[in-house]
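Student: I have a model to go through. Please take my questions one at a time.

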Amino acid sequence: MSSEQTNLKPKLKLAVYWGSACGGCCVSVLDTHEKLLDIVAAADPVFWPIALDIKYKDVEAMPDQSIDLTLFNGAVRNSENQHIAQLLRKKTKILVAYGSCAYMGGIPGLANFSGKSEVFERAYVETESTKNPERIFPVTEYPVEEGTLKLPKFFNDVLPLNKVVDVDYYIPGCPPQSERLIEVFTAIVSGAQLPPKGSVVGANDKTNCDECKRTKSENKTIDRFYRPWEIQDDKETCFLEQGVICMGPATRGGCGVRCVEGNSPCRGCYGPPPGATDPGAKMMSAIGTMINADNPEEIDKIIESIVDPAGLFYRFSLPGSILGRKVQ
Amino acid sequence: MSVRVHPELRNQLMQFGIGDWNACYHCGTCTAMCPLSEEGFLFPRKKIRLMQMGLKNEIESSVEPWLCYYCGDCTSTCPRDANPGELMMSLRRYLTSIYDWTGLSKKFYTSEVWEIGSILLIAVLVVIAFLIGLPAMGYSFTTELTSQGGVKINSFAPIHIIEAFDWAMAIVVGGLLISNILRMYYKIIWKHGHTKVTFWVHVREFWRLVFNFSVQPKFGKCDDKRYWFSHWFLMSGYTIMFIVVVVFLPWFQTEKILPPWHLQRALGYYATFGLLFGLLVAITGRMRRKDVKFYFSHVSDWLFLVMLTLTVITGILIHIFRIYGMPYATYIFYIIHMAVLVPMILIEVPFSKWSHLAYRPFAVYFQHLKTHAVPRKTKINSIN
Amino acid sequence: MDFRPKIVAFLCNWCAYTGADLAGTSRIHYAPNIRIIRIMCSGRIEPTFILKAFQQGADGVLVCGCHPGDCHYQEGNYKCLRRFKLLQKFTRQMGIEKDRLRLEWISASEGKQFAELVNDMTKTLLSMGPSKVKSSLEVEHLNV
Amino acid sequence: MRSPSKTCIFFYNPQFSDFDPIDYAELIRYSMTFPNVSRIWKYHDFIWNEQNLTDKIEANGIDHLIVAGLLPGTVKTLFSKAMAIAGKDPANVILASFNDYYTGTTFDMDRLKSVLACLIAGLSYETVAIPDENPVNPATLVIGGGIAGIQASLEIAYSNNHVYLVEKTGTIGGKMATFDKTFPTLDCAACILTPKMVEVNQNPFINLMTYCEVQEVSGEAGNYSVRILMRARKVNVKTCIGCGTCTEKCPAQAPSEFDYGTSMRKAIYMPFPQAVPNKYMIDAESCIYLKTGKCRACVKVCPVPDCINLDEQDHEVTINVGNIIVATGFKPFDAKKMDQFGYGRLPNVLTSLEFERLLNASGPTGGNIHLRSQDKKGNWIFTEEAEKPEKVAIIHCVGSRDKNHNKYCSRVCCMYSLKFSHLILEKLPGAEIHEYFIDMRSFGKGYEEFYERILEEDVSIVRGKTAKVEERNGKLFLRGEDILKGEILENTVDMVILSIGLEAAEETRDLSRMLGIPRSEDGFFEEVHYNLDPTATSRGGIYLAGTCQGPKDIPDSVAQGSAAAARAIQSILKGKIYKDLISIPLETIEKRINKLTLVQLEEKHL
Amino acid sequence: MEEPRIGVYVCWCGTNISKMVDVEAVTNEVKALPNVTIAKNYKYMCSDPGQDLIIKDIKLHNLNRVVVAACSPRIHELTFRTACEKAGINPYLFEMANVREQDSWVHTDRTEATNKAIDLVVAAIRRVRYHEPLQKRFVNVNPATLIIGGGISGLTAALEIANAGKQVYLVEKSDQLGGQVKKFDLTFPHLSSAQQMIRPIVQRVDNHPNISVFLETEIREVTGYIGNFKTAISVNGGDPVELEFGNIIAAVGLKPFNPEVISEYNYKEFPDVITSFEFEEKLLAGRILTVYGKEPRNVAIIHCVGSRNKKYHEYCSRVCCMAALKYVHQVRAALPSANIFEIYADMRAYGKGHEEFYALTTHRQIMFLMYDQQKKLPVINQADRSDNCNMIIEMDELLSGQSIEVPVDMVILMVNMEAQENVKQVVRAIGVSLCGNQFFIEKHPKLDPVATTTGGVYIIGTCQGPKDIPDSVAQARAAAARILGAIAQGSVPIEVTTASVNELLCCGCQTCIGVCPYKAISYDENNKVSIVNEILCKGCGTCGSACPAGAIISKHFTDLQILSEIEGVMSMS
């Protein structure tokens, strides 16, 4: 190392990994655009499957706690995800569950409405584009002349990262807003006082309504629920008051209310606010309160217009919720 | 079909004695207190209820009043002013008047004028019969004495005439009494639409009549045995005397003075003592009014006691005067004796208090007929 | 060990809880499977609590409030009813059998009814067997 | 009502009230002095039928009728009818019910005259006869520490005013504290009562004086001075820590008052575990030292220095109060008076109160029902070793609704008897229970429902009061009539419970003399107005609460307790209090009537 | 917040608890739990020594949390909170486990009961860890009082309070004061004139400077809280008047039952079958006549009409028996020769002088007939010509066991007393609850018959349950005592366990505002958050569960507390 380098502040070692994810989170890191240079200036990416060709064994070779910051995105779906999660936990000082999937299970988490077998059935047999009369399903080991081919074990449940390893921080979002990432990153780099372990960072404590520009009033009584395409949104009044379920009030701010800005109700990717234990339950409770009927029949009728409560209220959070999955 | 209630009946019943049956609120204490009240024949409460509701037929067809010997326990324990004991007494009076077809009984019970009036009338007739009737018929009495120094009583009261009269009286009275008892039987047993009693039962149960008449075991069940004894003593005395006088008059009314141990005199003395003792107890009781049973006295109660006492005393006097040869005294008292005795028998036995000597034992008899009654093929109309 | 269903019950303080107390003071006996949690009003009951109870292994959850119109806080029980209905739709989706989650109205004077309710629910749960909510959460491969 | 023009008065004294202490002649003389009184008829010189009456009304052109006497209401309808027939307004038939102004022993003629005077003037006595006012001393005396007394004291204390609560026994709580459960809700009496007792003890405004008795009362409304005898408790209430060592060591025994003699207590004792004050006391009658001068065991073992002072003497204090609330409660009917039930002769014939203790966990058998059995010495006692009854009979109306004892209904027996049945079944499942009643009086809130419930339980509830209880080979033989079945009902049981009635407490007599408040025929204190003032007396500033005014259940006693307090608080807030009602002389009434029209009068006296 | 140091106390309640729950086992089971400093059991925790035990321990082991497993918190929570306070720790750092009413008294298997007790105690322990100190608060009492209902009880209460120099607003729904009593001719058992009694009272009230009477007025909505209530009333349609008062007395009374529903009685079909109230009208008019204008020769009085019968009302109306006996005297006086039949079920002459009155009545030539008010009601039929009476009553007479027929010309039905039509409205307005029989529920059936669970609201007279005049009057005074007491004190304690908004979390969605039944929540435009008026708040907590952002804290019933209680009850299995 050269002498002028030594008096420079040592650069952080950064790892980014995708578990069961769409890749959007990794892209969100790139979406920092020119800010990416600042990141790279402050940190060396030592492991980042979509960006660098670094093998698992290299990571295994790294000394423990040698990585300063790991952004783990994607849920834990199979033994590989689990293995890497545990590996990175060993090697990393600050492990961050990055994005809704790692945080609460995210969209893949919806698989928890069914089990492994149903998933395979659908994926390898039923899908319209599939022709698999012999009903061949993936196996973890398959012998060939060269030896045995190995595939990671496919778990029955989708799990949020914290159910597999101990997580330091959470950055919610599907994907997280790049601005938020920068904020967090600079905070870490600047060596500022970090919030207590386990907190959600890169998001607000208050929920979305706080930033939402739509006009809100106290009369939130609903006679019928609508799905966004069912009504002509007036683009001004609170979605709820129009009968459209908007997860805004039960979802952390931080995204900049983008969806609502785009005249589509919040879908809750930023997860529950600090006051709420279960992401969907609070919203259900609130929505229930708004139903404008007293006798059971009417109530049922109104509720009929909520087609799929579970999917609606737990779109991003089923594995992280109290029940976690459909009962089997 | 259901029975109609008769509020107005109370006004009639009122005339037969004291007692405020509305005061009864049906706690049942009286019935349970009563040693004589037994399954199937419960009283006083049930009877009070009939009176309260004016259920005439039900009252007329009930034997229970006769099964009550008025020990007074019910009245002394009654939490209200109902006075069940006296109510039963009133019921007995009422029933006597119901059994009597002549309707005289009702008159005697409900009007003192009638009762006393008729007694006096008969008394007068008797006196007339002796003072005018006999002489007119050519009978003249003598004042000379028998060899034993006794009064020649038969010269004054010719035995065959008196005997004939006795028989006549006995037949009239007996006839009335029997007809009443038949009415009683009709109301209690016959009229009962839904039950009938076989002839065999009538025969088999007959002994009860005799037994109860002679021993009065029911009375014995009452708590205080003294009353039973005094009553029985009196009753037996009376009966003996009655039989002797009516049936064996010639043997009884003799001029010959028999030795004291002779059956004739012995029986006489027994009866006398029996009567006296019984009367003493009753009269003192009614005067002291300490005991509940004696607390309330209807005119009829007093009249009867007085007359019987007079009869007994005059009887005794006649006896004494005759033995010690005092003709006039004997004759005078003989008249008085008859003047009291005859109305007493004629009025009291068939129409008034004394009739109970017949009704009571028959009631017991009927009671047992009832218990052995078998249902007829008619629906029973009662919710129990 | 034989299956002893466990019921977590949320009772409002004014009617249901008083009713349950009345069952006690009247010594009306009922199945010991119930665990009562007192809240001031059924309107306070949140889906979160109910889901939590299932997650913790409750075989059944019972919610009791005042009869409609009798709410001590005027209309808390209606709010409870609405939330409950919605929650029910969700729990059914999540594969929790209908009978495991019940909402009943118990007035302060209905000690007897409360006892009967508990017995009845216990009976149904016995016939249904244990709830699988907890077991489906136990993920086999975590301790690898 | 304006002063009526032509009024006539009928003096009515019904046949069926044989006692008639009213000097009608005097009243007639008085009434004649009023110009607008046209005619007066006395009961006996008048034919009481409508025809005659109608004629009289028409003949004399009467438009106002006053019917005066005892229970004139019994004939009111006759008069209204006659008025109606005569084409007059039936509303002008005015009643002067003297029995509303009965002062216990006699009729105060002046008061009756005042009543007449008012009515003749077309005014109501209550409106005219408003006594003058005195300044009031804010302190209040409550006599009796039962639930009614406790309630009254607390009410007043809540208004931040001082209360002296004088209780005869060593603890407050009264009869209710001895009960096991209360009908119809069956919550345990102690559980609901003890908090209140504790509250009384802790409330800074209440000066709790247990083991004390009122000796003399003088003064008048607003300022009574009361001499109180403070019995020597011989244990220092302030220093006693209630550890109970003394009781363990005490060799002397006496029957426990709290358990109604069903158990024994020591000579130094605490009435019951939750007693308030929760301190010990010494009963001079049974204390060996006080009888023989030897022993002092308690003093020796007492951990607190000179807490026990066996030589302490009774002493007296005098307090001044503005209001007095009497809540002396009741005494249970003495079942020995009804020999047919064999109470006192037959060991297992119990009174309801004894049975309450038997049911109670802190009672002689720890809340289990056992028969009375003989110990080695041959005394009949309750032990947990003894057998349990299999058949129990409960007899209602013992001493109540009975002309030979108490004419009145004791109001609570039906319900507590039903309660017993339930509790027995609970403690002795399968036990055979028979209730014998005359009328089932389950009139209160939730009572009928309770009755219905018991009917569904396995209890035989029979209409028909048992007549007698006898001993037959060791068991109790009952004979009664089953009224509805119309059968004689004979039954052999192990235990008989007599549902004894309530009677006015002993001290009622003395107090009525001391306080100058009348008692009604049944011996209970007489309220000033049956309907409008059930808790006030004819004396100003003296009020009644609870069963000393007549048999009552707990809620009604509590309500009365508060009600009595209302008047006291009211007077304190006003700073003024009305004098005795009887204190208003006839002249004053007459003056007022003459001087004032109704409205002015109202204004002046509100 | 300092580490919790919890003291756990298990009560035997004599044998009430210890009989069915192994208190020792419970104590040992919880001894070892985290944060539990000491665990003890004692015979009577509620007794003075029991409380002292807690107080001593708190000082000795400087406990900062207390759990007592005993009876229902509804009975003794206050007792123990006070004890904690005495020992210097905040009363809300206390939690109670109900192991008697909801455990030992309702179970028969000792082990099961014991396990349950353990679960409950553990739950309490888990919960109490998260309890936070709350401060008692007081509000001043407005000395004015609102009284709803101008019947005898309402009037009495009004005078009682007004005579103490305090303002009273008396609201009556009908057009005159006096209530039911005004409809009566005589009162039992002294047969005094009801009119002479009520008239002066009404006059007094009318002329009382401290009482303002509002006739033909109904209370639709009451806002505010104990000590400071508000309502707007419009006197017969006029513009609304705003009233402010510190206490409310409900004395809305009851109304007569309509016997049309009882087919047996043919009420309305037969014009001479009338209710007791219609009969009172006749009495006041002076003539007792049938529709044919004749005097009835036979009058029957049927008790328990609509009472004591599950088909109509199960409860007893408490006054009918005596009223019926009263009628006997009245009919007898007017119609000396008429036959009177008293058709009753049980004669309930329970009050002072009632039994004597009953005895007196039996002397008035009357026939008592007993029927079974549950199983078989008498049937009123048209009579034939031959019967020479208008109607025939057919019934099974119980005391004689006879089925009988009774000739009658007029039948008086002693109708039951039932709730007013507008009772729900009143209940809603003043925030009290109704029992199954539609009577107002008192705070405690024994020891607090006139107060309700809502502070500052009292119920008196028949709306709390049927009762006669003296009992109603006594209740009226009882309520007056409470109110005067409160007025004398000047202030009263108010709800502590209210809701409050965590402004850091509130996003201002305003869901909560519409939810609050007491209008206690409002929106703060500047800070864009909701705020709770903690005086108006009655602590129902429904806003807490409505808040999607979890920003509303229902004090003493926070999510955390309840969730840990849930964990607690489940932890042992």
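Student: How many disulfides are there over all chains?

Tutor: This is a predicted model, where local features need pLDDT of at least 70, side-chain atom pairs count only at pLDDT 80 or more, and totals for chains, interfaces and linings use all residues. Residues are numbered from 1 along each chain as written, chains are lettered from A and ligands numbered from 1 in written order, and side-chain values use heavy atoms, without hydrogens and water. A disulfide is a pair of cysteine sulfur atoms within 2.5 Å. C:Cys15 and C:Cys66 form one, with sulfur atoms 2.3 Å apart. Over all chains, the count is 1.

Student: What is the handedness of the disulfide of C:Cys15 and C:Cys66?

Tutor: Look at the torsion about the S-S bond. It is about 95 degrees, so the disulfide is right-handed.
The two cysteines are 51 residues apart in chain C. The handedness, again: right-handed.

Student: Which side chain meets D:Asp259 in a salt bridge?

Tutor: Domain 3 (232-312) and domain 4 (331-503) of chain D come from the domain assignment, which is automatic or from a database. Between them the count is 1 salt bridge, meaning a side-chain nitrogen of Lys or Arg within 4 Å of a carboxyl oxygen of Asp or Glu. The N to O distance to D:Asp259 is 2.6 Å, and the partner is D:Arg357.

Student: What area is buried between domain 3 and domain 4 of chain D?

Tutor: Buried area is the accessible area (1.4 Å probe) that two parts lose on being put together, summed over both. Carbon and sulfur atoms give 67% of it here. The value is about 630 Å².

Technical notes
Helices (H or I, at least four residues) and strands (E, at least two) are DSSP runs, numbered from the N terminus.
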